[in-house]
Amino acid sequence: MEALWKSILDILTPLVIPDWGALISLLPVFVAILVVAWFALTIRRFATAGPTRRAPARVDPIAPPTLHMPGPSIAPLLAAFGTFALFFGLVFRPALPFGVVILIVTLAIWGREALRDYEHLEPSPLPPVVVHPGPPPGVHMPGPSIRPLLGALGSAALLGGLVIRGWVLVLAVVFLAWTLVGWLVDATAEYRMTERADQTGHLENIPPRKWPGRTLQAFAVLFVLVGMLQLGVFPPPSGTTAGGPGASPGASGAPAGSGAPGGPAESLPPGTFLVVAKDVAFDTHDLTVDAGKPFAIDFRNEDPAGLPHDVDIRAADTTTVVQDQPYTDGGKESLYQYTPLQPGTYVFICSVHPIPAMTGTLTVK
(Lines give C-alpha, C1' and ligand atoms only; values in the text may rest on other atoms or scores of the structure.)
Protein backbone atom coordinates (compact mmCIF):
# COMPACT_ATOMS: atom_id res chain seq x y z
CA MET A 1 0.00 0.00 0.00
CA GLU A 2 2.85 2.39 0.78
CA ALA A 3 4.40 1.81 -2.66
CA LEU A 4 1.00 2.36 -4.30
CA TRP A 5 0.50 5.58 -2.32
CA LYS A 6 3.97 6.78 -3.31
CA SER A 7 3.27 6.10 -6.97
CA ILE A 8 -0.02 8.03 -6.74
CA LEU A 9 1.80 10.97 -5.12
CA ASP A 10 4.48 10.89 -7.84
CA ILE A 11 1.75 11.08 -10.52
CA LEU A 12 -0.21 13.88 -8.83
CA THR A 13 2.80 15.97 -7.75
CA PRO A 14 3.37 17.68 -11.18
CA LEU A 15 -0.34 18.64 -11.22
CA VAL A 16 -0.63 19.86 -7.60
CA ILE A 17 2.85 21.44 -7.37
CA PRO A 18 3.91 22.31 -10.95
CA ASP A 19 7.32 23.65 -11.88
CA TRP A 20 6.44 27.35 -11.90
CA GLY A 21 9.84 28.33 -13.22
CA ALA A 22 9.36 26.20 -16.34
CA LEU A 23 5.80 27.50 -16.86
CA ILE A 24 6.91 31.13 -16.52
CA SER A 25 9.77 30.54 -18.97
CA LEU A 26 7.17 29.32 -21.50
CA LEU A 27 5.03 32.47 -21.22
CA PRO A 28 6.78 34.17 -24.21
CA VAL A 29 6.04 31.07 -26.31
CA PHE A 30 2.35 31.17 -25.36
CA VAL A 31 2.16 34.91 -26.14
CA ALA A 32 3.86 34.34 -29.50
CA ILE A 33 1.35 31.59 -30.36
CA LEU A 34 -1.56 33.94 -29.51
CA VAL A 35 -0.07 36.74 -31.65
CA VAL A 36 0.47 34.41 -34.62
CA ALA A 37 -3.08 33.03 -34.24
CA TRP A 38 -4.51 36.58 -34.13
CA PHE A 39 -2.63 37.63 -37.25
CA ALA A 40 -3.71 34.45 -39.05
CA LEU A 41 -7.35 35.05 -38.09
CA THR A 42 -7.16 38.70 -39.21
CA ILE A 43 -5.64 37.77 -42.57
CA ARG A 44 -8.31 35.12 -43.09
CA ARG A 45 -11.10 37.59 -42.31
CA PHE A 46 -9.75 40.10 -44.84
CA ALA A 47 -9.21 37.36 -47.41
CA THR A 48 -12.78 36.07 -47.11
CA ALA A 49 -14.49 39.46 -46.74
CA GLY A 50 -17.23 40.07 -49.33
CA PRO A 51 -18.09 43.28 -51.12
CA THR A 52 -18.60 46.29 -48.90
CA ARG A 53 -21.26 48.95 -49.09
CA ARG A 54 -21.36 52.45 -47.76
CA ALA A 55 -23.30 52.70 -44.52
CA PRO A 56 -25.53 55.65 -43.73
CA ALA A 57 -24.01 58.54 -41.87
CA ARG A 58 -23.39 57.85 -38.22
CA VAL A 59 -25.82 59.37 -35.77
CA ASP A 60 -24.49 60.22 -32.34
CA PRO A 61 -26.65 58.46 -29.77
CA ILE A 62 -28.41 60.54 -27.16
CA ALA A 63 -28.91 58.92 -23.79
CA PRO A 64 -32.32 59.31 -22.11
CA PRO A 65 -32.47 61.97 -19.40
CA THR A 66 -32.67 59.40 -16.60
CA LEU A 67 -29.83 57.23 -17.90
CA HIS A 68 -26.50 57.69 -16.15
CA MET A 69 -23.44 57.31 -18.38
CA PRO A 70 -20.28 57.09 -16.26
CA GLY A 71 -17.18 58.79 -17.60
CA PRO A 72 -13.78 57.23 -18.30
CA SER A 73 -11.93 55.70 -15.37
CA ILE A 74 -8.38 54.52 -14.70
CA ALA A 75 -9.56 52.23 -11.88
CA PRO A 76 -9.63 49.07 -14.07
CA LEU A 77 -6.07 49.79 -15.21
CA LEU A 78 -4.95 50.28 -11.59
CA ALA A 79 -6.67 47.05 -10.55
CA ALA A 80 -4.88 45.22 -13.37
CA PHE A 81 -1.58 46.65 -12.12
CA GLY A 82 -2.43 45.52 -8.58
CA THR A 83 -3.21 42.01 -9.84
CA PHE A 84 0.13 41.94 -11.64
CA ALA A 85 1.88 43.02 -8.43
CA LEU A 86 0.16 40.21 -6.52
CA PHE A 87 1.19 37.53 -9.05
CA PHE A 88 4.72 38.94 -9.15
CA GLY A 89 4.82 38.60 -5.36
CA LEU A 90 3.69 34.98 -5.62
CA VAL A 91 6.71 34.30 -7.85
CA PHE A 92 9.19 36.56 -6.03
CA ARG A 93 8.23 35.88 -2.41
CA PRO A 94 9.91 38.95 -0.76
CA ALA A 95 7.66 41.22 -2.84
CA LEU A 96 4.44 39.39 -1.85
CA PRO A 97 3.46 41.80 1.01
CA PHE A 98 3.91 44.79 -1.32
CA GLY A 99 1.83 43.06 -4.02
CA VAL A 100 -1.01 42.42 -1.57
CA VAL A 101 -0.95 46.04 -0.37
CA ILE A 102 -0.93 47.41 -3.94
CA LEU A 103 -3.87 45.18 -4.93
CA ILE A 104 -5.89 46.24 -1.87
CA VAL A 105 -5.20 49.94 -2.55
CA THR A 106 -6.16 49.69 -6.22
CA LEU A 107 -9.36 47.80 -5.43
CA ALA A 108 -10.20 50.42 -2.78
CA ILE A 109 -9.76 53.17 -5.40
CA TRP A 110 -12.03 51.27 -7.78
CA GLY A 111 -14.62 50.81 -5.05
CA ARG A 112 -14.53 54.50 -4.21
CA GLU A 113 -15.17 55.46 -7.84
CA ALA A 114 -18.00 52.93 -8.03
CA LEU A 115 -19.62 54.46 -4.93
CA ARG A 116 -19.35 57.93 -6.46
CA ASP A 117 -21.09 56.68 -9.62
CA TYR A 118 -23.79 55.09 -7.51
CA GLU A 119 -24.35 58.31 -5.55
CA HIS A 120 -24.93 60.22 -8.80
CA LEU A 121 -27.69 57.89 -9.94
CA GLU A 122 -31.11 59.47 -9.97
CA PRO A 123 -33.38 57.82 -7.40
CA SER A 124 -36.02 55.63 -8.94
CA PRO A 125 -39.63 56.21 -7.90
CA LEU A 126 -40.57 54.07 -4.94
CA PRO A 127 -43.56 51.76 -5.22
CA PRO A 128 -46.54 52.50 -3.01
CA VAL A 129 -46.15 51.34 0.56
CA VAL A 130 -48.19 48.28 1.37
CA VAL A 131 -49.09 47.94 5.04
CA HIS A 132 -49.41 44.29 5.90
CA PRO A 133 -51.88 43.49 8.67
CA GLY A 134 -49.40 41.03 10.16
CA PRO A 135 -49.38 37.27 10.53
CA PRO A 136 -52.51 35.44 11.65
CA PRO A 137 -52.92 34.80 15.39
CA GLY A 138 -50.69 32.00 16.61
CA VAL A 139 -48.14 32.33 13.79
CA HIS A 140 -44.66 33.23 15.03
CA MET A 141 -42.55 35.44 12.75
CA PRO A 142 -39.05 35.64 14.20
CA GLY A 143 -37.21 38.90 13.85
CA PRO A 144 -33.91 39.41 12.01
CA SER A 145 -30.89 37.61 13.46
CA ILE A 146 -27.12 37.95 13.00
CA ARG A 147 -26.50 34.34 14.07
CA PRO A 148 -26.59 32.76 10.56
CA LEU A 149 -23.90 35.18 9.37
CA LEU A 150 -21.76 34.54 12.43
CA GLY A 151 -22.24 30.79 11.94
CA ALA A 152 -21.03 31.13 8.35
CA LEU A 153 -17.96 33.04 9.54
CA GLY A 154 -17.27 30.34 12.11
CA SER A 155 -17.57 27.59 9.49
CA ALA A 156 -15.19 29.47 7.18
CA ALA A 157 -12.72 29.89 10.04
CA LEU A 158 -12.92 26.16 10.80
CA LEU A 159 -12.23 25.22 7.16
CA GLY A 160 -9.26 27.58 7.12
CA GLY A 161 -7.98 26.06 10.36
CA LEU A 162 -8.26 22.56 8.89
CA VAL A 163 -6.00 23.69 6.05
CA ILE A 164 -3.43 25.55 8.17
CA ARG A 165 -3.83 23.37 11.30
CA GLY A 166 -1.81 24.00 14.46
CA TRP A 167 -2.91 26.76 16.82
CA VAL A 168 -4.94 28.39 14.03
CA LEU A 169 -7.21 25.32 14.05
CA VAL A 170 -7.59 25.56 17.84
CA LEU A 171 -8.59 29.24 17.61
CA ALA A 172 -10.99 28.45 14.74
CA VAL A 173 -12.71 25.79 16.85
CA VAL A 174 -13.08 28.30 19.71
CA PHE A 175 -14.54 30.90 17.33
CA LEU A 176 -17.04 28.42 15.84
CA ALA A 177 -18.05 27.24 19.32
CA TRP A 178 -18.65 30.88 20.36
CA THR A 179 -20.93 31.47 17.36
CA LEU A 180 -22.89 28.25 17.88
CA VAL A 181 -23.35 28.87 21.60
CA GLY A 182 -24.73 32.34 20.85
CA TRP A 183 -27.09 30.87 18.27
CA LEU A 184 -28.28 28.26 20.77
CA VAL A 185 -28.92 30.96 23.38
CA ASP A 186 -31.07 32.95 20.93
CA ALA A 187 -32.99 29.83 19.84
CA THR A 188 -33.69 28.96 23.49
CA ALA A 189 -34.96 32.50 24.16
CA GLU A 190 -37.28 32.33 21.14
CA TYR A 191 -38.66 28.98 22.30
CA ARG A 192 -39.40 30.42 25.75
CA MET A 193 -41.22 33.36 24.15
CA THR A 194 -43.34 30.85 22.23
CA GLU A 195 -44.19 28.99 25.44
CA ARG A 196 -45.14 32.25 27.13
CA ALA A 197 -47.49 33.07 24.25
CA ASP A 198 -49.54 29.99 25.12
CA GLN A 199 -50.39 31.67 28.43
CA THR A 200 -50.67 35.34 27.40
CA GLY A 201 -52.01 34.95 23.87
CA HIS A 202 -49.50 37.54 22.65
CA LEU A 203 -46.26 36.46 20.95
CA GLU A 204 -43.24 38.76 21.19
CA ASN A 205 -39.82 38.54 19.58
CA ILE A 206 -36.62 38.52 21.58
CA PRO A 207 -34.67 41.80 21.68
CA PRO A 208 -32.52 42.28 18.55
CA ARG A 209 -28.87 41.35 19.03
CA LYS A 210 -26.24 43.99 18.36
CA TRP A 211 -23.40 43.36 15.94
CA PRO A 212 -20.44 42.08 18.07
CA GLY A 213 -17.91 44.34 16.38
CA ARG A 214 -15.33 44.41 19.16
CA THR A 215 -15.44 40.65 19.67
CA LEU A 216 -14.94 40.04 15.96
CA GLN A 217 -12.07 42.53 15.91
CA ALA A 218 -10.45 40.72 18.83
CA PHE A 219 -10.77 37.36 17.05
CA ALA A 220 -9.35 38.88 13.84
CA VAL A 221 -6.31 40.19 15.72
CA LEU A 222 -5.83 36.80 17.39
CA PHE A 223 -6.03 35.00 14.04
CA VAL A 224 -3.39 37.32 12.57
CA LEU A 225 -1.06 36.95 15.55
CA VAL A 226 -1.44 33.15 15.76
CA GLY A 227 -0.99 32.81 11.99
CA MET A 228 2.19 34.92 12.03
CA LEU A 229 3.51 32.93 14.98
CA GLN A 230 2.80 29.62 13.29
CA LEU A 231 4.38 30.76 10.01
CA GLY A 232 7.54 31.72 11.86
CA VAL A 233 7.23 35.50 11.44
CA PHE A 234 7.76 35.80 15.17
CA PRO A 235 10.78 33.85 16.47
CA PRO A 236 9.71 30.88 18.64
CA PRO A 237 10.63 31.01 22.33
CA SER A 238 13.81 29.41 23.53
CA GLY A 239 13.56 25.63 23.68
CA THR A 240 10.64 25.44 21.23
CA THR A 241 10.24 25.07 17.50
CA ALA A 242 7.54 25.83 14.98
CA GLY A 243 6.00 22.44 15.68
CA GLY A 244 4.26 23.73 18.81
CA PRO A 245 4.90 24.69 22.42
CA GLY A 246 7.40 22.59 24.28
CA ALA A 247 8.71 20.76 21.20
CA SER A 248 12.43 20.22 21.55
CA PRO A 249 14.84 20.45 18.58
CA GLY A 250 15.24 16.67 18.59
CA ALA A 251 11.56 15.86 18.81
CA SER A 252 11.73 13.04 16.25
CA GLY A 253 15.36 12.09 16.59
CA ALA A 254 17.92 11.70 19.34
CA PRO A 255 18.42 14.38 22.01
CA ALA A 256 20.50 17.36 21.01
CA GLY A 257 24.16 17.07 21.82
CA SER A 258 27.57 16.22 20.44
CA GLY A 259 27.30 13.78 17.57
CA ALA A 260 23.50 13.50 17.85
CA PRO A 261 20.68 15.12 15.87
CA GLY A 262 20.02 18.63 17.03
CA GLY A 263 23.67 19.56 17.50
CA PRO A 264 25.77 21.76 15.17
CA ALA A 265 27.02 20.35 11.88
CA GLU A 266 30.63 20.24 13.16
CA SER A 267 29.65 17.91 16.01
CA LEU A 268 28.06 15.26 13.78
CA PRO A 269 29.90 11.92 13.61
CA PRO A 270 31.78 10.90 10.45
CA GLY A 271 29.47 9.76 7.69
CA THR A 272 26.56 11.93 8.92
CA PHE A 273 25.54 15.02 6.95
CA LEU A 274 23.29 17.89 7.95
CA VAL A 275 20.41 18.86 5.61
CA VAL A 276 17.97 21.60 6.62
CA ALA A 277 14.64 22.27 4.88
CA LYS A 278 13.27 25.80 5.17
CA ASP A 279 10.85 27.76 2.96
CA VAL A 280 10.31 24.56 0.91
CA ALA A 281 14.00 24.37 -0.06
CA PHE A 282 17.09 22.42 1.00
CA ASP A 283 19.99 24.45 2.39
CA THR A 284 22.48 22.32 0.45
CA HIS A 285 22.30 20.78 -2.99
CA ASP A 286 25.58 18.83 -3.18
CA LEU A 287 26.70 15.90 -1.00
CA THR A 288 29.64 13.52 -1.42
CA VAL A 289 29.80 10.13 0.37
CA ASP A 290 32.17 7.17 0.31
CA ALA A 291 31.26 4.18 -1.83
CA GLY A 292 30.51 0.92 -0.05
CA LYS A 293 29.98 2.60 3.33
CA PRO A 294 26.71 3.39 5.11
CA PHE A 295 25.94 7.02 5.80
CA ALA A 296 23.28 9.11 7.52
CA ILE A 297 21.55 12.46 7.08
CA ASP A 298 20.52 14.58 10.06
CA PHE A 299 17.40 16.10 8.50
CA ARG A 300 15.81 19.16 10.16
CA ASN A 301 12.48 20.39 8.83
CA GLU A 302 12.24 24.06 9.82
CA ASP A 303 9.03 24.70 7.86
CA PRO A 304 5.73 25.19 9.76
CA ALA A 305 3.90 22.22 11.25
CA GLY A 306 1.76 20.40 8.71
CA LEU A 307 4.37 20.82 5.91
CA PRO A 308 6.21 17.45 5.76
CA HIS A 309 9.41 16.69 3.85
CA ASP A 310 11.76 13.74 3.43
CA VAL A 311 15.12 12.94 1.79
CA ASP A 312 14.91 10.03 -0.66
CA ILE A 313 17.79 8.72 -2.75
CA ARG A 314 16.97 8.29 -6.42
CA ALA A 315 18.86 7.51 -9.60
CA ALA A 316 20.12 10.29 -11.84
CA ASP A 317 16.81 10.24 -13.75
CA THR A 318 15.08 11.51 -10.51
CA THR A 319 12.29 8.93 -10.92
CA THR A 320 13.86 5.57 -9.97
CA VAL A 321 13.74 5.27 -6.17
CA VAL A 322 16.93 3.80 -4.69
CA GLN A 323 16.27 4.30 -0.97
CA ASP A 324 13.05 5.64 0.55
CA GLN A 325 12.62 7.46 3.88
CA PRO A 326 9.52 8.36 5.95
CA TYR A 327 8.13 11.89 6.15
CA THR A 328 9.28 14.41 8.77
CA ASP A 329 6.65 16.96 9.80
CA GLY A 330 7.40 20.67 9.98
CA GLY A 331 9.28 21.75 13.08
CA LYS A 332 10.72 18.26 13.68
CA GLU A 333 13.93 16.40 13.02
CA SER A 334 14.89 12.88 11.89
CA LEU A 335 18.08 10.91 11.50
CA TYR A 336 17.89 9.06 8.18
CA GLN A 337 20.09 5.96 7.81
CA TYR A 338 21.18 4.84 4.33
CA THR A 339 22.78 1.58 3.17
CA PRO A 340 26.03 1.61 1.15
CA LEU A 341 25.80 2.73 -2.49
CA GLN A 342 27.82 1.85 -5.56
CA PRO A 343 30.04 4.58 -7.09
CA GLY A 344 28.14 6.97 -9.30
CA THR A 345 25.95 10.04 -9.31
CA TYR A 346 22.55 10.03 -7.61
CA VAL A 347 20.08 12.67 -6.46
CA PHE A 348 18.62 13.28 -3.01
CA ILE A 349 15.10 14.67 -3.30
CA CYS A 350 11.96 15.42 -1.28
CA SER A 351 9.25 13.08 -2.57
CA VAL A 352 6.54 15.41 -1.23
CA HIS A 353 7.87 18.46 -3.13
CA PRO A 354 10.07 17.19 -6.01
CA ILE A 355 11.04 20.67 -7.19
CA PRO A 356 14.52 22.01 -8.06
CA ALA A 357 14.74 23.81 -4.70
CA MET A 358 14.36 20.46 -2.90
CA THR A 359 16.64 18.41 -5.17
CA GLY A 360 20.39 17.91 -4.81
CA THR A 361 23.23 15.88 -6.30
CA LEU A 362 24.67 12.95 -4.33
CA THR A 363 28.12 11.89 -5.51
CA VAL A 364 29.34 8.45 -4.39
CA LYS A 365 33.13 7.95 -4.75
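Axes are lines fitted to C-alpha atoms over the stretch in contact, and angles run from 0 to 180 degrees between N-to-C directions. Helices are DSSP runs of H or I, at least four residues, and strands are runs of E, at least two, numbered from the N terminus.

Before I go on: this is a predicted model, where local features need pLDDT of at least 70 and side-chain atom pairs count only at pLDDT 80 or more, while totals for chains, interfaces and linings use all residues. Residues are numbered from 1 along each chain as its sequence is written, and side-chain values use heavy atoms, with hydrogens and water left out.

So who touches whom? On the α7 side the contact includes Trp-167, Leu-171 and Trp-178, and on the α8 side it includes Leu-216, Phe-219 and Val-226; contact means heavy atoms within 4.5 Å. By class, the residues of this contact are 12 nonpolar, three polar and no charged. Nonpolar here is Ala, Val, Leu, Ile, Met, Phe, Trp, Tyr, Cys and Pro; charged is Asp, Glu, Lys and Arg; the others, Gly among them, are polar.

On its other pairing, α7 meets α6 (residues 147-164), with axes that come within 8 Å and cross at roughly 160°. Those two are therefore roughly antiparallel as well. The α6 and α7 contact has 14 nonpolar, six polar and two charged residues.

Now the strands. The largest nonpolar core has 21 residues, and Phe-282, Ile-297, Phe-299, Val-311 and Leu-362 are those with the most contacts inside it. A core is a set of buried Ala, Val, Leu, Ile, Met, Phe, Trp, Tyr and Cys residues joined through side-chain atoms within 4.5 Å; buried is under 20% relative accessible area, exposed over 50%, partly exposed in between, with a 1.4 Å probe and protein chains only. β3 (295-301) is one of the strands that supply at least two residues, and its three are the largest share. Apart from that core lies another of 10 residues, among them Leu-171 and Leu-216.

Last, the loops. Most residues other than glycine have a negative phi. Val-280, though, has phi near 55° and sits in the loop between β1 and β2. Thr-318 has phi near 65°, in the loop between β4 and β5.

Technical notes: Parallel < 35°, antiparallel > 145°, perpendicular 65-115°, else oblique.
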